Amino acid sequence: MSWAPQTRQTPVGKWLRNPVATGYTGMALGVFAAFLGIPPFTSRTATWSLIVGIIAIMCGIATVTRGRKRLGLGAIATGIGGIGLGYLATRSSVDNLNIVFNASLIAQTFAFATPLVFAAIGGMFSERSGVVNIGLEGMMLMGAFWGVWGADVGGSWVVGLLVGMAIGAVLALVYAVFAIHLRADQIVGGTAVNFLALGITGYFFFQLYHGNYVSQGVSTIPNIKLPWISGLHFLGPAIGNLNLMIWVSFMLVIASYIVVFKTPIGLRIRACGEHPRAADTVGINVYAVRYGAVVLSGVLAAAGGVYLSDGFGGGTFNDNMTAGRGFIALAAMIFGNWRPAGAFAAALLFGFSSAIALRLQVYSPSASTLFNVLPYVLTLIAVAGVIGRTVAPAADGKPYRKQ
Amino acid sequence: MADELVLEMRGIRKEFPGTVANDDVDLDVRRGEVHALLGENGAGKSTLMNILYGLYRADAGEILLNGRRVEFASARDAIGAGIGMVHQHFMLIPVMTVAENIVLGVEPRKGFLLDERTAEKRVRELSERFSLAVDPTALVSDITVGQEQRVEILKALYRGADILILDEPTAVLTPQEAHELFEIIRSLQADGKSIIFISHKLKEVLEIADRITVLRRGKKIETVQRAGATEASLARAMVGREVLLRVEKAPAQPGDVLLSVEDLHVHDERGIEKVRGVSFDVRAGEIVGIAGVDGNGQTELIDAITGLMKSEAGAVKVAGRELREASARKMLDAGVGHIPEDRQRRGLVLEFSIAENIALHDYSKPPDSKWGWLFPARLVERAGRIIREFDVRGGGPLSAAGGLSGGNQQKVVVAREIARDPKVLIAAQPTRGLDVGAIEYLHRRIVSERDEGRAILLISLELEEIMSLSDRILVLYEGEIVGEHTPDVSEQEIGLEMLGGRERPAA
């Protein structure tokens, strides 16, 4: 900047002066402090966590004094949390730690995160176009049931996936008619979709499968075995044998980023979510864009559901199988600030906490339940604006009335 | 200039439930002409233009473009035919860049991707060609209102507009910015573009237009050449009767200080300091006008004085008494009347009846209520009296306030405030969006309230209103009073101060 005195700056000096950089570094260090106590590091004294955590807190203080109060406080909090968790880890035996924290934890994190990724990306499309979609849960549930049914009846997981996505699209279309054309309250409409899906899947599950497990041997979505990786020491169990849908979800994140931020259609979707009248006056069909985005959100949420039942679940279904995952996906989308990469990161974090919760069940069911609450706590923190406020599209949730 | 007609609208008729918005309206526009469309609010200007722009469909009549009959089913059709519109409320997306806003809907592509570089290049070329200086990569939320308007014009030009509709383009501009806009309009005109200039301001119409078409109550009254038209003749055509354009008032007889603001500091809800140490007095029997561009702290200043917002520091005294921890209720009780800047959102409860709206301040006291029991009959009786006194038309005490016209809604607000006999009256944009007749009434009323001995603080974005009503003028810029003047100051001088005492550097 021209008005600043031109002094020679080392990269480190520059970095120290930038409160955003120090803030995020502080947070990263805080998280790292917690990890020091667990495999693969497995430090047996709390000293290392303490040192790293204190550096994190110092970064936080530097950030606060340079004006970014919220970010700095966040870094200080993660630093303190990191020291605490690091200390707790040293109190536990190495054997226990090795059972909870191993390479397959990464694989499991992806497995838990993937349904969230699909639904969160779907929700992002819908909300970017200006329609709040809390019906993700229901659309996911429909995908989960009809996906297994399709795989069972059609004899192939491909059929299951297509059927599940198609049903998701139909349910989303019904919701879109209410939310867009009839201008119904979107929260009420979305809630109705969730209960509708619960009722429909429950009824047909009883009618078709007598409420029992779907018959054995349903074609399931296959895992992708990477021969050149699966033999490796750490990477093998981590990513050597992941489900096809997990890889698809990675690609979905990249593709949706490009679509939303780099293509004309993405520009139009965002325009409809920010200022539909402006979009209308330049000849964009706001209704068409919103219908498209909502239906796409249904397709994606349902794909997440199919993965849940026919991939992750190994071809089973049970009543209310999604159990709130649609809402967690919504939370991930908000936590990720309506951005694909952000939503993906949040979904991974939530997936990680689910994976941890599953493992902790062996030791302490109560602690495990606590971990399941983590996504909601984090979302509350995000919405309250501790780490930079999340900003929804300006016209999100507001029905558009053509003049 | 050739007299070639580029646009003819013949016998346009449009009905809405209950009203005829356009009744057999004709309009023709020549190539390279600035054609003003003049009329009061509700005269049918916007309806006519929305029909031309494809947003409404006419019930009858036809549109001829370059001699050929056209039908527009949507804005897209109109844009395709070379018609561009700059709406009164800008249609821009704050979180997107200037270039993104301009190319939205007709994006240059590279494969299936958006070609941002080409978009920026084309916008830059266009802005140079028509000397519409804007930075294509800037976010719209970061640019000034004047620049936003240029972006809107560029948006239309980018789509190849030959006919440009400008809907009340100067409503949001400072005098300097308006002057720049007129320069832009002239350069567009020189390029062969035709401009339809919608306005209800007589002065600027006479300055910029070649021909003027006057609408009144949905009907075309006349189309005249600028030469020969006067403010008085146009006002008569617009309103249908002789209008007193100048505010008649005797010199002020200032008395005691009734409102005193001392070193007031106010933060907005995001914690940004919007009022930075403002001090002034308003005496009984004088009108003090605060001029300034929108967003320079006017709203926060009013809200702090009326107790709607907390101030960080400073004092507000009413009739010598300092009000600490003021609330809106305390301020009302201390004798401060408030005509809020947005009558529909803050002045009235639109769903309530006129009687209920009038009782909003005193509902909890006798005679309106006693022991927590409301007496609706008394409310209605009082409202009836006030409606007669203030000549509110279009409804009785029990009709919903939302059903009244803008001018009559404002009369209800003003009547409610004045009927309480306040010592201090704060009028924030009292005539915003009102037509000439209603403005005339309100201005006269404000002056007569001054003569009753009230202290009046007038805040307005319309410099003309400030200049014609005020006995003293303060200029507010970025939360500070940067000038104080008597009303014989020139518009240019105040205009400069409104921009911080210097010309805005060309962006």
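Let me start in chain B, where strand β4, residues 60-65, pairs with β5 in the antiparallel sense over three bridges. One of the residue pairs there is B:Ile63, whose bridge partner in β5(B) is B:Val70. Before I go on, please keep in mind that this is a predicted model.

What does pairing involve? Strands of a sheet pair through backbone hydrogen bonds, and the pairing is either parallel or antiparallel.

Now, the sheet around that pair. β4 and β5 of chain B belong to an open sheet of four strands. Which order do the strands take? Reading across, the order is β2-β1-β4-β5, and the pairing is antiparallel. The edge strands are β2, residues 19-30, and β5, residues 68-70, both of chain B. Each of these two pairs on one side only. If you ignore direction, neighbouring strands of this sheet are turned by 25° against each other on average.

A general point for looking at the side chains: in a regular strand they alternate between the two faces of the sheet.

Strand β13, residues 257-267, and strand β16, residues 313-318, pair in the antiparallel sense over five bridges. Within that pairing, B:Glu262 stands opposite B:Ala315 of β16(B).

β16(B) also pairs with strand β17, residues 321-322 of chain B, again antiparallel, over two bridges. Here B:Lys317 has B:Glu322 in β17(B) as its bridge partner. β16(B) and β17(B) form a hairpin with two residues between the strands. Which residue in this hairpin takes a positive phi? That is B:Ala319, with a phi near 50°.

Now to where the two chains meet. How many residues does each chain bring to the contact? Chain B brings 18 residues and chain A brings 15 residues. On the side of chain B that touches chain A, α2 (75-80) and β8 (113-114) each supply at least two residues. α2(B) gives the most to that side, with three residues. Sorted by class, the side of chain B that touches chain A has eleven nonpolar, three polar and four charged residues.

Last, chain A by itself. How is chain A divided? There is domain 1, covering 11-99, and domain 2, covering 102-384. The C-alpha centres of domain 1 and domain 2 of chain A lie 32 Å apart.

Note on methods:
Residues are numbered from 1 along each chain as its sequence is written. Chains are lettered from A and ligands numbered from 1 in the order in which they are written. This is a predicted model: local features need pLDDT of at least 70, side-chain atom pairs count only at pLDDT 80 or more; totals for chains, interfaces and linings use all residues. Two residues are in contact if their C-beta atoms, placed from the backbone, lie within 7 Å. Ala, Val, Leu, Ile, Met, Phe, Trp, Tyr, Cys and Pro count as nonpolar, Asp, Glu, Lys and Arg as charged, and the others, Gly among them, as polar. Domain bounds come from an automatic or database domain assignment. Two strands pair if DSSP finds at least two bridges between them. Axes are lines fitted to C-alpha atoms, for helices over the stretch in contact, and angles run from 0 to 180 degrees between N-to-C directions.
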